[in-house]
Amino acid sequence: MLLNTKDLLKIAEENNFTIGAFNVTELSNFKCVYETAQEIQAPVIIAVAENEFDFCGKEYFTYIRQQLIKSYVPFALHLDHAHTVEKCMEAIQAGFTSVMIDGSSLPYEQNVEITKKVTEFAHMVNVSVEGELGTIGNFGTSDEGVVNNNIIYTRVEDVVDFIDKTNCDSLAVAIGTSHGLYPKGKEPRLQIELLKEIKKVARVPLVLHGGSGNLDEELDKAARAGIRKINIASEYKAAISRSLNKQMNEHHEVKFALMMPQAIEEGKKVVRNRIRLFRSDGKASLYYE
Ligand SMILES: [Zn+2]
């Protein structure tokens, strides 16, 4: 079943669990996330960043959509961190059911303006829109390839105004996470009290970016305090890459078809653990009640 993120996150909100959004760059990433979701019956968001979208090409998503539509487990197909209205339109034309327009680095009024523009046309075709307020840090291994670890925390006083003006369906907030993998010795501490204040006033589901490398305990706290979507990319991809590296070094193997199954298994362990931590395993049947 292929849904938009508004409908996917609504059930999560009602039943107090959190959905993992896993960034997918190519077929083995997709297989890893898709099969794990089936194995533990978890609703999942397949996320694709702008550069991943360009890398794959539009035709690739015809196949992805077919797989998602025929699945019993519910999915959404989501464009992650789009920076232009045009890119959102392109993804919608390619069959995405959800887009994120990231105007978080723009001045507030411009962020409102661009987000509103996207919701106006996306809602006409039942596509959900995620906005972002505040900016999260970046350790440089993200899909955007930007190194900037300045976190600008979301201001509670902007939240209601932003949601009212833009009509976005979910909101990414900055409470202390960063994109990419955290360097050794850097452990993020999330501002759970800030999150609780935001949750009190936000009428749409909240999203946490930069979930890779955070302590289980921190993500669990964020999920229980009301985050409904957590983005994971680097850590499961790192598990796949480490396995490929090991197979090449230790067994001098170079054939992808022989190496990938084992590498995917390593990625699945990470995806499975995150989904279980988010308490979305076994939740697929809720979408049929
Ligand atoms: Zn992000």
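## Helices α10 and α11

In this predicted model, helix α10 (residues 234-251) packs against helix α11 (residues 256-277) at an angle of about 150°, and their axes are 8 Å apart. Angles over 145 degrees count as roughly antiparallel, so α10 is roughly antiparallel to α11. The crossing of the two helices is right-handed.

On the α10 side, the contact is formed by Glu 235, Tyr 236, Ala 239, Ile 240, Arg 242, Ser 243, Leu 244 and Gln 247. These residues meet Met 259, Gln 262, Ala 263, Ile 264, Glu 266, Gly 267, Lys 269, Val 270 and Val 271 of α11. Sorted by class, the contact of α10 with α11 has nine nonpolar, four polar and four charged residues.

## Helices α6 and α7

Helix α6 (residues 108-122) and helix α7 (residues 156-166) pack at an angle of about 35°, with 8 Å between their axes. The crossing of α6 and α7 is right-handed.

From α6, the residues in contact are Tyr 108, Val 112, Thr 115, Lys 116 and Thr 119. Helix α7 contributes Asp 158, Phe 162, Lys 165 and Thr 166. The contact of α6 with α7 has three nonpolar, three polar and three charged residues.

## Asn 51

Asn 51 belongs to helix α3, which covers residues 50-56. The residue has 13 other C-beta atoms within 10 Å and is therefore partly exposed. Between the C-alpha atoms of Asn 51 and Ala 82 the separation is 9.4 Å, while the two residues are 31 residues apart along the chain.

Definitions and conventions
Residues numbered from 1 in each chain as written. Predicted model: local features only at pLDDT ≥ 70, side-chain atom pairs only at ≥ 80, totals over all residues. Axes fitted to C-alpha atoms, helices over the stretch in contact; angles between N-to-C directions. Helix = DSSP H or I, 4+ residues; strand = E, 2+ residues; numbered from the N terminus. Parallel < 35°, antiparallel > 145°, perpendicular 65-115°, else oblique. Left-handed = near helix turned anticlockwise from the far one by under 90°. Contact = placed C-beta atoms within 7 Å. Nonpolar A, V, L, I, M, F, W, Y, C, P; charged D, E, K, R; others polar. Buried ≥ 20, exposed ≤ 12 C-beta atoms within 10 Å, placed from the backbone.
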